[in-house]
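Student: Could we go through this structure together? I'd like to start with the charged side chains and then move on to the rings.

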Amino acid sequence: MLKTTINLEPGKKVYFASDQHFGAPSPKQSKAREEKFIRWMDEIKEDAQVLFLMGDLFDFWHEWKHVIPKGYVRVLGKIAELKDRGIHIYFFVGNHDLWMKDYLEEEIGCTVFYKKQYFEMGGKQFLLAHGDGLGPGDKGYKRMKKLFTNPVAQWFFKWLHPDIAMKVALYLSQKNKMISGEEDKAFLGEDKEFLIIYSKEKLKTQNIDYFIYGHRHLPMVLDLEQKAKYINLGDWISYFTYGVFEKDFELKTFADGTKKNYP
């Protein structure tokens, strides 16, 4: 099991945020959420040592050889500013931006992950992932993901004109329930939640203190066995929640200058 160890500096914190879905439901409607997320990054930059962006920052993202999607300039600029201040930025590819390639790495200096990762921070063990496709069930989505990550399918898609490709992709992203996650907004119960089942199985063979995911859009902190915690970070559409770790993990809500714990 490969693991990255991060030694936290005194007074510094680790932040987590997921599922911003910028660009949805339209660029105009997304702008207010983008501005709020920028204000949050401005607030955390004074004490952040690490920022984990846990997937689906964009509602759709694709990189052609010489083209990237229009927009998001201020969001990307603020992420670059944090990186330039020495804050480590780790980006997990989600199911909406899974065609991320090397743009964020080359232009901003983020580290991009395409699958789950293990970290040790502050003496605690973390398993981090966006969360899509993990655990039992969800076979329809898993088949769809295999298609979307197939090199042949990606090769054909990149030959579409970007205007056409983006229009088709954004339509599917918002209208196809299997992609949009529209059916995943209600808590299914501890015995039916794929990521909770997955985390419990991992605990049988691994010592993990925190399982942290996005994807489900439901802010949640659940105690598991062995004092482990299952955490879903929520989203920046309905909840505006984020995680922060110094000595212990906290799930918080950003309310433009007024910090409050979740819920």
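**Charges and rings**

Tutor: Let me begin with Lys3, which at 38% relative accessibility counts as partly exposed, and keep in mind throughout that this is a predicted model.

Student: OK, which residue does Lys3 form a salt bridge with?
Tutor: The partner of Lys3 is Glu120, and the closest N and O atoms of the two are 3.0 Å apart. Lys3 lies in strand β1 (residues 3-6) and Glu120 in strand β6 (residues 117-121), so the pair ties together parts that are 117 residues apart in sequence.

Student: And is Glu120 buried, partly exposed or exposed?
Tutor: Glu120 has a relative accessible area of 23%, so it counts as partly exposed.

Student: How many salt bridges does the count come to?
Tutor: The count comes to 11 salt bridges. One of them joins the side chains of Asp47 and Lys13, with an N to O distance of 3.6 Å. That pair links distant parts of the chain, since Asp47 is in the loop between α1 and β3 while Lys13 is in strand β2 (residues 13-17), 34 residues apart.

Student: Why does Asp47 count as buried, and what about Lys13?
Tutor: Asp47 counts as buried because its relative accessibility is 18%, and buried means under 20%. Lys13, at 22% relative accessibility, counts as partly exposed.

Student: What's the N to O distance between Lys229 and Asp223?
Tutor: The side chains of Lys229 and Asp223 meet in a salt bridge at 2.5 Å, N to O. Lys229 is partly exposed, at 27% relative accessibility, whereas Asp223 is exposed, with a relative accessible area of 53%.

Student: Which residues are linked in a network of salt bridges?
Tutor: Asp42, Lys45, Lys78 and Glu81 are linked in such a network.

Student: Switching topic: where do negative charges gather in a patch, and which residues are in it?
Tutor: The patch of negative charge is on the surface, and Asp102, Glu105, Glu106 and Glu107 gather in it. Of these, Asp102 lies in the loop between β4 (88-92) and α3 (103-107), and Asp102 is partly exposed, with a relative accessible area of 37%.

Student: What about Lys36, where is its place?
Tutor: Lys36 sits in helix α1 (residues 27-44), and with a relative accessible area of 17% Lys36 is buried. Lys36 and Phe240 are 204 residues apart in sequence, yet their C-alpha atoms are 8.9 Å apart in space.

Student: Now the rings. How many aromatic pairs does the structure hold?
Tutor: There are 28 aromatic pairs in the structure. Among them is the pair of Trp61 and Tyr72, which is tilted, with 6.4 Å from centre to centre and 45 degrees between the planes. Trp61 lies in the loop between β3 (48-53) and α2 (73-84), and Tyr72 is also in the loop between β3 and α2, so the pair ties together parts that are 11 residues apart in sequence.

Student: Are Trp61 and Tyr72 buried or exposed?
Tutor: Both Trp61 and Tyr72 are buried.

Student: Last one: which residues form one aromatic cluster?
Tutor: The residues of that aromatic cluster are Phe16, Phe52, Tyr90, Phe92, Phe113, Phe119, Phe126, Tyr210, Phe245 and Phe249.

Technical notes:
Residues numbered from 1 in each chain as written. Predicted model: local features only at pLDDT ≥ 70, side-chain atom pairs only at ≥ 80, totals over all residues. Heavy atoms only, no water. Patch = residues over 30% accessible without salt bridge, like charges linked within 9 Å, V, L, I, M, F, W, Y side chains within 5 Å. Areas by Shrake-Rupley, 256 points an atom, 1.4 Å probe, with all protein chains shown as cover. Salt bridge = Lys/Arg side-chain N within 4 Å of Asp/Glu carboxyl O. Lys, Arg positive; Asp, Glu negative; His and termini not counted. Charge placed at Lys NZ, Arg CZ, Asp CG, Glu CD. Helix = DSSP H or I, 4+ residues; strand = E, 2+ residues; numbered from the N terminus. Buried < 20%, exposed > 50% of the residue type's maximum accessible area, 1.4 Å probe, protein only. Phe/Tyr/Trp six-rings, centres within 6.5 Å; stacked < 30°, edge-to-face > 60°.
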